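Colleague: I would like to go through this model with you, one question at a time. Please end each answer on the value or name I ask for.

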Amino acid sequence: FAGNFESTDDGRRLGETLMDEGADIIMPVAGPVGLGTAAAIKERGNAWIIGVDSDWTLTAPDYKDIVLTSVMKLMDATTFEVIKSVQDGKYAGGTNVVSTLENGGVGLGTNASVVSAELVAEIKQLQADIISGKIKLADIK
């Protein structure tokens, strides 16, 4: 919505607008623009943020107290697997690598200061059930 990935001012304005409309959880997906949204939330103190790409409790520690969770792209895991396949002579080439829970390419960061241990355990069980196939994502509506 910001039209860019750099302007923290645009992120702040968008965050304020969303909070004015009643949003209490915002997931900004635009790099530094999201930091502007986080700043607006921290100032007002009436919403939570879901971090994007990395664990914001680590990469944006100034906002740790308003981070509910983070949706993480764990590029190191899938990059390592591609490098390993090249070394092992098994690199297929011309294929896409899809990050999944099973290959460790995606994950959720949990902020232990705001998320209960019981909820963390439940999330881990759900992740294990997705990996095992007990829960099929195509069935979730």
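**Residues and helices in turn**

Modeller: Ile-130 has a relative accessible area of 26%, so it counts as partly exposed. Keep in mind that this is a predicted model.

Colleague: In which helix is Ile-130 found? And which residues does Ile-130 touch, not counting residues up to four places away in sequence?

Modeller: The helix that holds Ile-130 covers residues 117–132 and is α5. With residues up to four places away in sequence left out, Ile-130 touches Leu-101, Ile-135 and Leu-137.

Colleague: How far apart in space are Ile-130 and Glu-102, C-alpha to C-alpha?

Modeller: Along the sequence, 28 residues separate Ile-130 and Glu-102. In space, their C-alpha to C-alpha distance is 8.4 Å.

Colleague: Is Thr-57 buried or exposed?

Modeller: Thr-57 is found in helix α3, residues 56–59. Its relative accessible area is 12%, and the cut-off for buried is under 20%. Therefore Thr-57 is buried.

Colleague: Which side chain makes a polar contact with the side chain of Thr-57?

Modeller: Leaving aside neighbours within four places in sequence, Thr-57 is in contact with Lys-64, Val-67 and Asn-111. The polar contact between side chains has a distance of 2.6 Å, and the partner of Thr-57 is Asp-55.

Colleague: What span should helix α2 have, and how far apart are its end C-alpha atoms?

Modeller: Helix α2 has 13 residues, 32–44. The expected span takes 1.5 Å times one less than the number of residues.

Colleague: What do the buried residues of α2 pack against?

Modeller: The buried residues of α2 include Val-33, Ala-38 and Ile-41. The buried residues of this helix pack against α1 (8–20), β1 (25–26), β2 (48–53) and α3.

Colleague: What is the phi of Gly-45, and what is the phi of Asp-53?

Modeller: Gly-45 follows α2 and has a positive phi, near 70°. Asp-53 lies in strand β2 and is partly exposed at 35% relative accessibility. Asp-53 is not a glycine, yet its phi is also positive, at about 80°.

Colleague: Which residues make the nonpolar surface patch, and what is its area?

Modeller: One member, Leu-108, lies in strand β4, residues 106–110. Leu-108 counts as partly exposed because its relative accessibility is 38%. The patch is made by Met-27, Val-29, Val-71 and Leu-108, and its area is about 330 Å².

Methods:
Residues numbered from 1 in each chain as written. Heavy atoms only, no water. Patch = residues over 30% accessible without salt bridge, like charges linked within 9 Å, V, L, I, M, F, W, Y side chains within 5 Å. Areas by Shrake-Rupley, 256 points an atom, 1.4 Å probe, with all protein chains shown as cover. Salt bridge = Lys/Arg side-chain N within 4 Å of Asp/Glu carboxyl O. Helix = DSSP H or I, 4+ residues; strand = E, 2+ residues; numbered from the N terminus. Buried < 20%, exposed > 50% of the residue type's maximum accessible area, 1.4 Å probe, protein only. Polar contact = N/O pair within 3.5 Å; in protein donor to acceptor, adjacent residues only side chain to side chain. Contact = heavy atoms within 4.5 Å.
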